[in-house]
Amino acid sequence: MELILAIASGVLFGTGFYLMLRRRLAQLIIGLGLLSNGANLLIFTAGGLTRARAPVIAEDASLLVRPFADPVPQALVLTAIVIGFGVLAFSLVLAHGIHTMAGTDDIDEIRSGGG
Amino acid sequence: MNVLVLPIALPLFTAAVLLLAPSRPLLQRWISFAGACALAIAAVLVFVRVERDGILVLQLGGWPAPFGITLVADVLSAMLVVATAVVGLAVASSAFSGVDPRREGFGYHGLIHVLLMGVSGAFLTGDLFNLYVWFEVMLVASFVLMALHRTRAQLEAAFKYVALNLIASSLFLTTLGLLYGGTGALNMAELATILPACENTAYETILAMLFLTAFGIKAAMFPLFFWLPASYHTPPAAVGAVFAGLLTKVGVYSMIRVFTLLFPGDPAMLYTLLLAQAGCTMIVGLVGALAQRDFRRILSFNLVGHLGYTTVGVALGTSAAMAGSIFYILHHIAAITNLYLISGVFLRLRHTTSLTELGSIFRERPLVAILAAIPVFSLAGVPPLSGFIGKLALVRGAFGAGAWWTGGIILAVSLLTLLSMARLWSESFWKTAPHGDKSRLPGVILLPIAFLSAITVAMTVAAGPLYQLAMKTSDQLLNPALYIDAVLKGGPQP
């Protein structure tokens, strides 16, 4: 399972960077989104995957018994997803503003037309 | 109430009040100014406590160290929080001379305080993931501040700024994932006990390089600095001032903090690489500055170049060089913020900052010229001003560490800075302007400029004690055991 997720995260990073090198704003933003999700998946995978073992102490025990799913990476990913979503929404609005003002979403044309 | 929360809680409170208060400009400006004053008092309070009791530690929510989020203030953090408050005070008072009404209607004052909160939080946190969150708080506020106005050049600049900073954030997040996966820790003090003992050099190398790249983009180091000169000249003067004064310094601070704690040895030639980067940053920044013909673009390139100075200390790792860098950071925050505010005077008078349109200020407005002369010549490193003292300390530190090349570069780049600033001075203040002034100048615009100039002068007069303080800071940084013990074993509670 780790291997599949690691490959998926790598693919997300790769496509994210590739799209960010393109010339159009829309592709750049999709690239940004893929990149941040690649990072999220990586945190999740690097923290270790444990299925169906909630980190809850059983009623008759006083200690948490291994193996259990580490809650910290999940908390980190949750925070990162929320932040990533907000930032992505902002950059979409910004790109929309540029598109309405410049009439194009080609980065080179925006630059040559700008004063 | 706990003193260490105040530099974060007060700006948040001010921002909330600003959102709820009626949007009458004058009222908003006064609330913002009062909030900045409160932040300044809180920052000084933290600083005094740190001076008296040593490293202050606060375990939020009462969770003991590696499990909860820790706030830590050592001398470096406390000094930088004070510097943040000073910049905040200057920027809040600069609003009295007028803010673009469109911007003010969209919550300009509140955003400034959110930005200050993010910066203070980044300086005070002892947890790496929390540092990421403060980075984002700071960035989102800066994104909005930069994009609020809708001229085409500003939007384009904002987009470059946003895209590059988001890549840096993603890289930082990736690093944190790998870091947690490998060590199971995010608390900086705990990591400082785990990572240096780590046998896996490949893992250490990957982490060090990812940190170097992520912080390198934030701190605008060569070769990752291009977003800064492409964007910092477009927002209004006050926004540019707070960006230039604080944002890149947070990147530099993170480098100093993370590298001294996590990589005290020299894994993967991290410090050699950083030193080379610092050298290139200085040269490229100042050569770039000489090629520019616009006041604010010259400042942007100078800002980039001088960020090299601020990282030489951590790269060399000797007490003297580190102290020189820290002194330079403090001097640079005051001087560059002031210069960006001065560009606001030009925008007001001539509606442009292109050097060809400037001039005649010295003859027509001697007061402005005299106030501006202090940061200009301080940045240029003219004795006896604070910039000269910082550079002297840095050059002595570099030669003392046997880094002849670095010392040589610092000296050569100082000469280039002098050249760049001399040209800036003669073009914008000295020569006769081709056209006269287009608007009147409100007197209040000079208040924050005078305030920051006074601080630069105070840094010059009190250079001795300030340098002592920088020495104390660098000794603290080079002895991470102090920080680790304070966090994990419990230092004095604030």
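In the predicted model, helix α6(B) supplies the largest share of the lining of the second largest cavity, with three residues. The space in this cavity amounts to about 60 Å³. Its lining is made up of F135(B), M138(B), L139(B), Y161(B), N165(B), K218(B), W227(B), Y232(B) and L247(B). Two elements give two or more residues to this lining, namely α6 and α7 of chain B. By class, seven of the lining residues of the second largest cavity are nonpolar, one is polar and one is charged.

A search of the whole structure returned five cavities of 30 Å³ or more. The volume of the largest cavity is about 140 Å³. Its lining comprises 14 residues, and those nearest the cavity centre are S36(A), G84(A), V87(A), L166(B) and S170(B). Both chains supply elements with two or more residues in this lining: α2 and α3 (71–102) from chain A, and α6 (128–147) and α7 (152–183) from chain B. The largest share, five residues, is that of α3(A). The lining of the largest cavity consists of eight nonpolar residues, five polar residues and one charged residue.

The largest pocket has a volume of about 630 Å³. It is lined by 21 residues, of which V72(A), P66(B), F67(B), G68(B) and Y180(B) are the closest to its centre. Elements with two or more residues in the pocket lining are α3 of chain A and α6 of chain B. Helix α3(A) gives the most to this lining, with five residues. The residues that line the largest pocket divide into 13 nonpolar, five polar and three charged.

Helix α2 of chain A, one of the elements that line the largest cavity, spans residues 25–46. This helix has 22 residues, and the distance from its first C-alpha to its last is 31 Å, close to the 32 Å expected at 1.5 Å a residue. Just after α2(A), a positive phi of about 95° is found at G48(A).

In chain B, H109(B) lies in helix α5, which covers residues 108–124. H109(B) is classed as buried because its relative accessible area is 1%, under the 20% limit for that class. When residues up to four places away in sequence are not counted, the contacts of H109(B) are L18(B), Q28(B), R29(B), S32(B), A95(B), V99(B) and E104(B).

Zero disulfides are present over all chains of the structure.

How values were computed:
Residues are numbered from 1 along each chain as its sequence is written. Chains are lettered from A and ligands numbered from 1 in the order in which they are written. This is a predicted model: local features need pLDDT of at least 70, side-chain atom pairs count only at pLDDT 80 or more; totals for chains, interfaces and linings use all residues. Side-chain values use heavy atoms; hydrogens and water are left out. Helices (H or I, at least four residues) and strands (E, at least two) are DSSP runs, numbered from the N terminus. The expected span of a helix is 1.5 Å times one less than its number of residues. On a 1 Å grid over the protein atoms alone, a cavity is a set of points where a 1.4 Å probe fits but cannot get out, and a pocket is an open set with protein on both sides within 12 Å along at least five of seven lines; lining residues have an atom within 4 Å of a point. Grid points are joined across faces, edges and corners, and a volume is the space filled by probe spheres set on the points. Ala, Val, Leu, Ile, Met, Phe, Trp, Tyr, Cys and Pro count as nonpolar, Asp, Glu, Lys and Arg as charged, and the others, Gly among them, as polar. A disulfide is a pair of cysteine sulfur atoms within 2.5 Å. Buried means under 20% relative accessible area, exposed over 50%, partly exposed in between (1.4 Å probe, protein chains only). Contact means heavy atoms within 4.5 Å.
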